[in-house]
Amino acid sequence: MKAVQYRAVGAAPEVVTVPDPEPGPGQVLLKVTAAGVCHSDIAVMSWPADQIPFPLPLTLGHEGVGTVAALGDGVDGLSVGDSVAVYGPWGCGICVNCAEGKENYCLRARELGIMPPGLGAPGAMAEYMIVDDPRHLVPIGDLDPVKTVSLTDAGLTPYHAIKRSLTKLVPGSTAVVIGTGGLGHVAIQLLRAMTAARVIALDVTEEKLELARAVGAHEAVLSDGKAAARVKELTGGLGAHVVLDFVGAPPTVETAGAVARVDGDVTIVGIGGGALPVGFGSLPYGTSVSAPYWGSRKELAEVLDLAHAGAVDVHVETYSIDEAPLAYERLHDGRINGRAVILPSGRPPPGRAPPARAR
C-alpha cells in the first residue's frame, strides 16, 4: 500500500510503498478514507535527532477517518464497513484518567511507550492503518469523512480548550482567537455554537481574516504590532475574558498576555515555542494560563454531535496521497486556508451535507 512517511531527520515527507498491515488480537484494520495535515507534523519534522522520541521511518497522520476493513480476534461492537473516526491521544486505558476517557492525560503513556498514530505509532496517511483498540474509534454515521476527519484534532483540541473556560464565556464576555487556520477557524465556530461571547479573531493575512469572518467572528484584526491595542480598544480598555492562542509563537503569546483582562484565561494551544511568564504583577490580577492537550474520548463524541447538528463545518483543501508532500509544503509556507486533507483511497462518496447555520 502507499503511505506518507517521515523517513530521515530533516527530510521532507515521502510517498512510499509499504506492506499492508494485518490486525492482531484486539486490533482493528481501517481502510483510510481521509487523513488531516497538521502543523504538529511540521513541528515534529523540525526536531533534531536527539529530541525525536520514536524510531524513523514514521507513517504520518494523527487525524484519521476510515471504514472498518477487518477485525482482530476478540473485537466486538464493530462491523466491517462501519465509518469511524480515530481518537488520537491513545493511553493505557487503565489509569484513573483513562478510566474517565481522558486518555489525552494518561498517566502511564510515556512510561509504557504508548504514542498517538502519526506521532509515534503508524498513522492515518496511508491506504490502511491499524487502530490498537476499538475504544479509540467513534462512529461518524452519515457525516462526510472529508469534512469530519479534522474534527479529531482541529475540532477536538479547541473544543477541549473552550470547555475549560465556559464559566467565563457568558453573555457580555469577549473571546480572542489568535490564529484562524486549521484549529482557529473551527474554534470560532465552536465559540459561536457553545457560548454567547463576542469573538475577536487575529491573523496575519486578510485572506485568513476573511475566513474568520465567514465562519462567525464578530471582529477580525490584523495580527501585528498594533493588534493588542486594537483589541483593548474593542473591549473598552478591559481586554478579553478568554484568549485562545492557536499559534503559540513568542509574538502571539506576548499578544495573548497583553490582551487578557483581570481574572481572565489565557490558553496556549499552539506549539510555536512561545512561553508566557507567570508571577505576581506580570499579568493582570487573577489571570490563569494553561496549555491543554488534545481532548477526551467523550469530548470527541460531543464534537461529532455538533457536526451532526450542523454547528461546525471545516474548511478543507483536498489532496491525493501522491500530493501529500505538496500539501505539507503549502502548509509550511502558510498557503493553506483552513485544513488540508489527504485522500489515500481517492475521494469517498459524499456524506450528508450539514444544514445551514443561523448567525
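This is a predicted model: local features need pLDDT of at least 70, side-chain atom pairs count only at pLDDT 80 or more; totals for chains, interfaces and linings use all residues.
1. Pro-57 sits in the loop that runs between α1 (39-44) and β4 (58-59). The peptide bond joining Leu-56 to Pro-57 is cis, with omega at about 5 degrees.

2. For Asp-263 the phi is about 65 degrees. Asp-263 belongs to strand β13 (residues 260-268), and its relative accessible area of 45% makes Asp-263 partly exposed.

3. The other is Trp-294, where phi is about 50 degrees. Trp-294 is found in the loop between β14 (288-290) and α10 (297-308). Is Trp-294 buried or exposed? Its relative accessibility is 5%, so Trp-294 counts as buried, the cut-off being under 20%.

4. Strand β9 (residues 174-178) is mostly covered, with five of its five residues buried. In a regular strand, side chains alternate between the two faces of the sheet. In β9, Thr-174, Val-176 and Ile-178 point one way, while Ala-175 and Val-177 point the other way. Residues on both sides of β9 are buried.

5. Which strands pair with β9? One is strand β10 (residues 198-203), which pairs with β9 in the parallel sense over five bridges. Within that pairing, Thr-174 has Arg-198 of β10 as its bridge partner. Between the two strands the chain passes through helix α6 (residues 184-194), and this β-α-β crossover from β9 to β10 is right-handed.

6. Strand β12 (residues 240-245) also pairs with β9 in the parallel sense, here over four bridges.

7. Turning to charged side chains, a search of the whole structure finds 21 salt bridges. One of them joins Glu-103 and Arg-135, with an N to O distance of 2.7 Å. This pair links distant parts of the chain, 32 residues apart: Glu-103 is in the loop between α2 (96-99) and α3 (109-112), and Arg-135 is in the loop between β7 (128-131) and β8 (137-139).

8. How accessible are the two partners, Glu-103 and Arg-135? Glu-103 is buried, at a relative accessible area of 2%, whereas Arg-135 counts as partly exposed at 24%. The two residues also belong to a network of salt bridges that includes Asp-133 and Arg-297.

9. Glu-100 and Lys-102 form another salt bridge through their side chains, at 3.2 Å from N to O. Glu-100 is partly exposed, with a relative accessible area of 49%. Lys-102 is partly exposed as well, with a value of 36%.

10. In helix α7 (residues 206-214), what separates Arg-213 from Glu-210? The two residues are three apart in the helix, so about one helical turn lies between them. Arg-213 and Glu-210 form a salt bridge in which the closest N and O atoms are 3.3 Å apart. Arg-213 counts as partly exposed at 36% relative accessibility, and Glu-210 is partly exposed with a relative accessible area of 44%.

Note on methods: Residues are numbered from 1 along each chain as its sequence is written. Side-chain values use heavy atoms; hydrogens and water are left out. A salt bridge is a side-chain nitrogen of Lys or Arg within 4 Å of a carboxyl oxygen of Asp or Glu. Buried means under 20% relative accessible area, exposed over 50%, partly exposed in between (1.4 Å probe, protein chains only). Two strands pair if DSSP finds at least two bridges between them. A crossover is right-handed if, with the strands pointing away from the viewer, the path from the first strand over the helix to the second runs clockwise.
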